[in-house]
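Subject: Structure for you to look at

Hello,

Here is the structure I said I would pass on. Please open it beside this email and follow along; my notes come after it.

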Amino acid sequence: MMIIMRMKGVVILAGAALYVVLVCSRINGERGCNVYEGEWVYDDDHHTYPLFNSTACPFIRKEFDCIKYGRSDHHYLHYRWQPNACDLPKFDGVKFMRKLKGKKIMFVGDSITLNQWQSLTCLLYTASYGSNVTHHANDLISTLTFQDYGISVTYFNSHYLVDIEMEEFGRVLKLDSLKSGEIWKGFDVLVFNTWLWWHRRGIKQPWDYIEDEGIVVEDMDRTVAFTKALMRWAKWVESDVDPYKTKVFFTGVSPAHYRGEEWNEPGVRDCSNQTRPMTGSSYPAGEPLASKILKDVLSSNTTSVHLLDITTLS
């Protein structure tokens with residue numbers, strides 16, 4: 001469950017979970033099977049894992065390419081997520097692209113979403129043998145198109161989902177503004193996330209003020225701001241997204257991994273030396289508050305969003 005599993009975890013979510021929900025109706029409809037309740041198990045089938053070679057995939061940022069930059073242990077490449085009540089099918093990239101032929105997928109969010117986008121594109125790139133794939137990118141959007149299937153996979157960089165706008169007095173995080181939503185329309189699959197940036201301060205904070213319902217303040221309780229932004233996003237989903245044409249997912253909250261007592265190692269300040277996932281299907285520190293807020297907002301404000309509940313995978 002440590003951060004060393006993060007890239008693997010998002011492979012499962014971007015690949016297997018979307019694969020299950022969008023492609024595999026049997027598992028998706030199987031009663032009593034929660035694919036997010038389970039544990040990581042080691043699989044020594046070297047013909048199956050890893051699902052792709054990160055060094056051979058041109059879309060992974062260098063900080064995520066562990067093998068290329070000297071990681072000596074390779075055990076983490078052979079873990080797979082095993083739900084308690086069912087078995088996940090092996091990801092089949094060709095089947096995925098055939099099922100979603102002609103469709104447009106967009107990932108919107110922070111680095112968790114970037115990981116998901118990179119994982120899925122590498123899975124599909126491997127399945128297509130890198131043939132007839134085009135890549136277009138700017139500072140905000142990056143799109144991979146698999147021409148043989150007419151399927152595109154886009155990443156839209158958005159740390160807060162709601163807008164940050166430059167005013168005369170500084171950068172303003174506007175909790176009730178979602179102008180980027182116009183860009184998100186027209187996609188067949190949307191995968192969102194936000195949380196990790198909400199507690200950033202100082203030079204790592206990309207805004208100077210917060211605006212809520214026309215009132216500008218220097219700061220406010222970040223969990224309150226997070227909740228308000230989620231509610232604005234949920235209203236956008238309900239008003240601007242046609243659930244019969246577009247499937248919407250929201251990626252849950254990943255633990256921060258900066259307090260060792262949360263995984264029974266008091267005094268440890270990061271997980272840089274962890275090489276094995278924790279056993280079991282629960283996180284020792286309990287469910288993060290942000291995860292509870294997210295689930296409450298989703299249950300209260302929208303009925304058309306599938307939660308990719310990654311907390312125990314992360």
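A polar atom in the side chain of threonine 121 lies 3.0 Å from the backbone oxygen of glutamine 118. Bear in mind that this is a predicted model. Threonine 121 sits in helix H4, which covers residues 111-127. Is threonine 121 buried or exposed? Its relative accessibility is 0%, and buried means under 20%, so threonine 121 counts as buried. Leaving out residues up to four places away in sequence, threonine 121 touches Phe59, Leu144, Phe146 and Val153.

Phe146 leads on to the sheet. Phenylalanine 146, in E5, is the bridge partner of valine 133. Strand E5 (residues 141-146) and E4 run antiparallel and are joined by 5 bridges. As a general point, strands of a sheet pair through backbone hydrogen bonds, either parallel or antiparallel.

The open sheet is made of 7 strands with mixed pairing, in the order E4-E5-E6-E3-E9-E12-E13. Which strands stand at the edges? They are E4 (133-137) and E13; each has a single partner strand, so one side of each has no neighbour in the sheet. On average, neighbouring strands of this sheet are turned by 15 degrees against each other, ignoring direction. Helix H7 lies across E12 and E13, and runs at about 165 degrees to E13.

Next, the nonpolar cores. The largest one has 37 residues, and the members that touch the most others are Trp184, Phe192, Trp198, Trp233, Trp236 and Phe250. Elements giving two or more residues to this core include strand E3 (104-109), strand E9 (189-192), helix H6 (222-240) and helix H7 (289-301). H6 gives the largest share, 8 residues. A second, separate core has 31 residues, among them Cys33, Cys122, Leu123 and Leu144. In soluble globular proteins, nonpolar side chains tend to be buried together.

Helix H6 deserves a look of its own. Its 19 residues should span 27 Å at 1.5 Å a residue, and its end C-alpha atoms are 26 Å apart, which agrees. Among the buried residues of H6 are Arg222, Ala225, Phe226, Ala229, Trp233 and Trp236. The buried residues of H6 pack against helix H5 (181-184), E9, strand E10 (209-212), E12, H7 and E13.

Last, tryptophan 198. Which residues is tryptophan 198 in contact with, leaving aside its neighbours within four places in sequence? They are His159, Tyr160, Val162, Leu173, Leu175, Arg222, Ala225, Phe226 and Ala229.

Regards

Note on methods
Residues are numbered from 1 along each chain as its sequence is written. This is a predicted model: local features need pLDDT of at least 70, side-chain atom pairs count only at pLDDT 80 or more; totals for chains, interfaces and linings use all residues. Side-chain values use heavy atoms; hydrogens and water are left out. A nonpolar core is a set of buried Ala, Val, Leu, Ile, Met, Phe, Trp, Tyr and Cys residues joined through side-chain atoms within 4.5 Å. Buried means under 20% relative accessible area, exposed over 50%, partly exposed in between (1.4 Å probe, protein chains only). Helices (H or I, at least four residues) and strands (E, at least two) are DSSP runs, numbered from the N terminus. Contact means heavy atoms within 4.5 Å. A polar contact is a pair of N or O atoms within 3.5 Å; within protein, one must be able to donate a hydrogen and the other to accept it, and residues adjacent in sequence count only if both atoms are side-chain atoms. Two strands pair if DSSP finds at least two bridges between them. Axes are lines fitted to C-alpha atoms, for helices over the stretch in contact, and angles run from 0 to 180 degrees between N-to-C directions. The expected span of a helix is 1.5 Å times one less than its number of residues.
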